[in-house]
Amino acid sequence: MVLALSLAALLQMPVDLARQIQPDNMREVVAHLSAMPNRNTNNATLTQAAEYIADQYRKIPGLQVEIMKYTAPRMARVPVAKEVVEVVATLPGETDRRIIVGGHFDSINMQDVSNLDAIAPGANDDLSGMSQALECARVMATRKWKNTLVFVAFSGEEQGLLGSRALAKRAKAEGWKVDAVLSSDIVGASVSLNGQSDKRHVRIFSEESPTHNSRELARFIEWNSRGKLGRFSPILVFRRDRFQRGGDHTSFNAEGFNAVRFTEVFEEFSRQHTKDDLIQFVDFNYVANVARLNLISAAALADADPTPVDVRMAPRQAHDTIVRWKAAPGQKYVVYWRETSSPVWKASREVDAGKGEVTIEKVNKDDCFFAVGALGGVPIEAK
């Protein structure tokens, strides 16, 4: 009975929290910051913006707020090496395993890149992503979580992912146990100037790699969100990022962490890195849905147990498929499967706590991929 009640709560609680996301909260933050001339990483305005963001996080009970410093080296978009800042807000959980939710707050005007004072409101790129992380923190801090949540306002993104690289390297050096990084970058527009519009979807980019499990993180986000946000849902894009472009999640991929990027479906490129990236072009109802998707994803991961190890299929030829793994006492697992031609999970089965084996009747391992995850956690593919 206790397990049934906790499972029901696990399924319903994130949806209830997602309903608390308020578009006007994000609008207020974006309005304040986009009214600044720019937030170029080279300028004092970046520090002013970081202080404002840190103050917003400090208003949320339970958060430990740090203005993290790192050095931006001299390079193409950094004429003089300097110390810069970004904001890291931590909501401690029962464990030291971490879920990171973030977006960057720096901006740049690429039409006049040599002028560090060029107007660059950066409302969509990427105050939309930064503000949704702040709103997720406001809502998620109202309860306790098993795992630790970290909300980040990255800087230095427009100079080459400097801030996310600094944090990812710090996480690696300090031995952080990062289960997932959810990075939102350009998530504020549902309409482009060529007439394309999509208010019901957001793209999730993910990399396939032997050093991390980001592709399965993306699949889990899609699976976990099905039917929970009405008509809003993610579209999975199976590449690291947009063609020949990059984002803050890439820094964490490089250090072996699971990390994905959320981006609107139809970007308006004429408003990116220009003076025209203005708040009036941001659809805050759309941003709110992206925040809700981030929240229900982070909520599942934040209450999940550790991922299983030694996940494998019994080699015996049969019409059924036996999947085995090393189970932890009292931990509940979910087995997923899909046809080899399907990009997303098609079915699943929950397994009683403590058990490390399940038989999937009349499903042939020749025709399907299988994976096992802790309840609410990222699945590990069976080999």
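Colleague: How far apart are the closest N and O atoms in the salt bridge that Asp 310 forms with Arg 312?
Modeller: This is a predicted model, where local features need pLDDT of at least 70, side-chain atom pairs count only at pLDDT 80 or more, and totals for chains, interfaces and linings use all residues. Residues are numbered from 1 along each chain as its sequence is written, and side-chain values use heavy atoms, with hydrogens and water left out. A salt bridge here is a side-chain nitrogen of Lys or Arg within 4 Å of a carboxyl oxygen of Asp or Glu. For Asp 310 and Arg 312, the closest N and O atoms are 3.3 Å apart.

Colleague: Is Arg 219 buried or exposed?
Modeller: Buried means under 20% relative accessible area, exposed over 50%, and partly exposed in between (1.4 Å probe, protein chains only). Arg 219 and Glu 216 meet in a salt bridge at 2.8 Å, N to O. Glu 216 is buried, and Arg 219 is likewise buried.

Colleague: And Arg 19, what is its relative accessible area?
Modeller: Arg 19 has a salt bridge to Asp 16, with the closest N and O atoms 2.7 Å apart. Asp 16 is partly exposed at 34%. Arg 19 counts as exposed, its relative accessible area being 56%.

Colleague: Which residue in β10 stands opposite Met 313?
Modeller: Strands are DSSP runs (E, at least two residues), numbered from the N terminus, and two of them pair if DSSP finds at least two bridges between them. β9 and β10 (residues 321-326) pair in the antiparallel sense over three bridges. Opposite Met 313 stands Val 323.

Conventions: Helices (H or I, at least four residues) and strands (E, at least two) are DSSP runs, numbered from the N terminus.
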